[in-house]
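Subject: Structure handed over, with notes

Dear colleague,

Please find below the structure I promised to pass on to you. My notes follow it, and I would be glad if you read them with the model open beside you.

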Amino acid sequence: MPRKVNYGLDYDDGYDDYDDYDDYEDYANANDYGVKEKDLFPFPEVTEKPSWNDRSTIKVEKKTTKLALWQCSVCNSDNEQSSSSCDICGVLRDPAQNIGNGSAENAPFQFNTLSPDDMVSVGKISSKKSSKVSANNTGKKAIAKFSATNEMAENSSGIISGANQLNGSESGNANIKSDAPQILASDLHQMKLDKASTNFRKAKPLAEYKPEKWMLANQDGILNQLNLAVVGHVDSGKSTLSGQLLHLLGRVSKKEMHKFEKEAKEKGKGSFAFAWATDESAEERERGITMTVAVAYFDSKKYRVVLLDSPGHKDFVPNMISGATQADAAVLVVDASIGSFEAGMDGNGFGQTKEHAQLIRSFGVEQVIVAVNKMDTVGFSKERFEFIKSQLGNFLRSCGFKESQITWIPLSAMENENLVTSATDARLSSWYEGSCLLEAVDSLQLPVRDASKPLLLPICDVIKSHSLGQVAACGKIETGAIKNGSRVLVMPLREVATVRSIERDSCPCSVARAGDNVAVSLQGIDGVHVTPGGVLCHPDYPVTVASRLELKILVLDIMGPILVGSKFEFHIHHAKEAARLVKIVSLVDQKTGEAAKKTPRFLTAKQSAIIEVALDRAVCAEEFSKHRALGRAFLRASGCTVGVGIVSKVFSDES
Ligand code: GTP
Ligand code: MG
């Protein structure tokens, strides 16, 4: 049942009940939310890519950029950027794709989060997605994988296109040729937006909304879904932990496990056998890293758990954001071995234990289980566990996690110690008497679900089968409910569609409500109008679409100033867009939350401020006070998260 995802951020209630963004003192005391000096603004003019053969070195080679590809929406073939139509089937390039504007000036060349290789891999995964439709429909598959959204890949295509022009690299010819398709693409995009505006229907006032009875009914006998993100530094053992859990709980059979073991061994990757349960793609297996979020399911006593196994590698943080933004709670996996825990806590932008912890708190996640993994490598030492607990505990509290909401579990995913039953190794059981991981999952509390509001389902992933004319939107229902036959508005293109069928946990169901992670098959709509980063909503209560937003942000631990004009990757729920800082409205007093100094010239680390950003293209967004999930925003630049915040004002494109 694999499926794969992409991205999203949080401050609860603005600065009100977001306790530790509330407590800026504490936050300020926290060390290193690292951004290296090279990552300061203005951004470095380089096109760098990591060497995937050697994870420890992120090699920098200038001008190695390859041409990015775009994928035909009909036959899924990969085409060069310079082609305006598919080389195989001749279909015109999808205007909804995020095509570079061909202007070196406008190209946000600073973003180097996705390497050209990543984009190719995204293409591969998305073509794989199509083939997964039938498996998904039959409910046979147990793990789902989300890739970076098509938006992302395509967005990046635009970026690379701009970068290539700047660099005058191998893409010289392509750039000359690329003018025509890009003009064509922008025309098509305009046509699509025009069409969307003719579909415009004014939203009804929220007060008029009355949920129907079926929307609120209890689902007797059905376990509640708990969306659980597994996050942490690269190689900490997230996938091994996920695979081992799925195996122990019967979701991955002995036979499948045996096959993984055999094949992994043959490829010289024996130690990754459990990880292969969720790392499905050939690239992930070959590289031994997770690249996109995998979604799998298992039952605990209390919950039907939707496990979101996230990538830990720095370059795939956008994918982590897209997938883990759906989380109700998180398992933060840390590697206990000497040096590895310390690497995860590194403040120079390479320590994803810190970045992930910061991000999940910003997604609104309040409960976290810290799985101190690989305890076998330190002889199940109590001292090491306590050391990690004290170091990481300080940081987690500074991010806003309450002490009472953090559970610490020493375990070994590989040796199956303390996962679904109490520890058996005497070196651990002699000093640890707390719960095992599964018990800790059961002690998590379900966040409040709001089925009484109009439907909002941010689209995390789209599964298309053009041959069958099917398109399915995947994601978590944030508010409201749907059933077979419901009419939904697909934003931002304002197309109305009908729900043909719903899958929850890879099994068909007739009704799904807030909190459910579902795949919704739609009819009456062209598949190209359903895009990751979009939102399914109630036809009378459309989500706002905007390309200019006011944000209340907290600047993380960057080394240099952020100036007006700085460019970012802007993340909101599953959407990602290039953005520019157009105004610093004011600083915000971190104690009172009130506006302080007006229009400062720049922002520095750990300041909070109200800013305005202009996006290259409009996204679905809401003010945080109206819809939390659609009002959390993240700013990234040069591969690092530089700011987290909330949407405080939406300048709607329709007003
Ligand atoms: P990314 O998804 O790429 O960030 O990695 P990951 O966190 O999913 O790590 P993964 O599960 O792929 O495991 C990385 C390596 O750690 C593999 O070689 C595993 O065998 C090893 N590993 C995982 N858990 C344990 C453990 O409990 N003990 C030991 N000794 N090794 C482990
Ligand atoms: Mg992994």
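I begin with Gly393, which counts as buried because its relative accessible area is 0% (buried means under 20% relative accessible area, exposed over 50%, and partly exposed in between, with a 1.4 Å probe and protein chains only). Before going further, please note that this is a predicted model, in which local features need pLDDT of at least 70 and side-chain atom pairs count only at pLDDT 80 or more, while totals for chains, interfaces and linings use all residues. Residues are numbered from 1 along each chain as its sequence is written, chains are lettered from A and ligands numbered from 1 in the order in which they are written, and side-chain values use heavy atoms, with hydrogens and water left out.

**Helix 13 and Gly393**

Gly393 belongs to helix 13 (helices, H or I of at least four residues, and strands, E of at least two, are DSSP runs numbered from the N terminus). Leaving aside neighbours within four places in sequence, Gly393 is in contact with Ile388 and Trp408, where contact means heavy atoms within 4.5 Å. The C-alpha atoms of Gly393 and Trp408 are separated by 9.5 Å, and the two residues are 15 residues apart along the chain.

Where does helix 13 bend? The bend is at Gly393 and amounts to about 25°, taken as the angle between axes fitted to the seven residues ending there and the seven starting there. The helix covers residues 382-399, and its 18 residues should span 26 Å at 1.5 Å a residue, which agrees with the 25 Å between its end C-alpha atoms; the expected span is 1.5 Å times one less than the number of residues.

At the N-terminal end, helix 13 is capped by Ser381, with a side-chain oxygen 3.2 Å from the backbone nitrogen of Glu383. This is a polar contact, meaning a pair of N or O atoms within 3.5 Å; within protein, one must be able to donate a hydrogen and the other to accept it, and residues adjacent in sequence count only if both atoms are side-chain atoms. After the helix comes Gly400, with a positive phi near 115°. The buried residues of helix 13 include Arg384, Phe385, Ile388, Leu392 and Phe395.

**Helix 7 and Lys238**

Helix 7 (residues 238-248) is mostly covered, with 9 of its 11 residues buried, and the residue that follows, Gly250, has a positive phi near 80°. Not counting residues up to four places away in sequence, Lys238 touches several others, among them Val230, Asp309, Pro311 and Val333. The C-alpha atoms of Lys238 and Ala371, which are 133 residues apart along the chain, are separated by 9.3 Å.

**Helix 10 against helix 12**

Helix 12 (residues 352-362) packs with helix 10 (residues 317-324) at an angle of about 30°, their axes being 11 Å apart; axes are lines fitted to C-alpha atoms, for helices over the stretch in contact, and angles run from 0 to 180 degrees between N-to-C directions. On the helix 10 side the residues are Val317, Met320 and Ile321, which meet Gln352, Glu355, His356, Leu359 and Ile360 in helix 12.

**Strands and loops**

Ser521 lies in strand 18 (residues 517-523) and is buried, with a relative accessible area of 9%. Among the residues that Ser521 touches, beyond those up to four places away in sequence, are Val471, Thr498 and Arg500.

Pro492, in the loop between strand 14 (487-491) and strand 15 (495-504), is joined to Met491 by a cis peptide bond with omega about 10°. Asp505, in the loop between strand 15 and strand 16 (507-509), has a positive phi near 55° though it is not glycine, and is buried at 4% relative accessibility. Lys606, in the loop between strand 25 (602-603) and strand 26 (608-620), likewise is not a glycine and has a positive phi of about 70°; Lys606 is partly exposed, with a relative accessible area of 21%.

With best wishes
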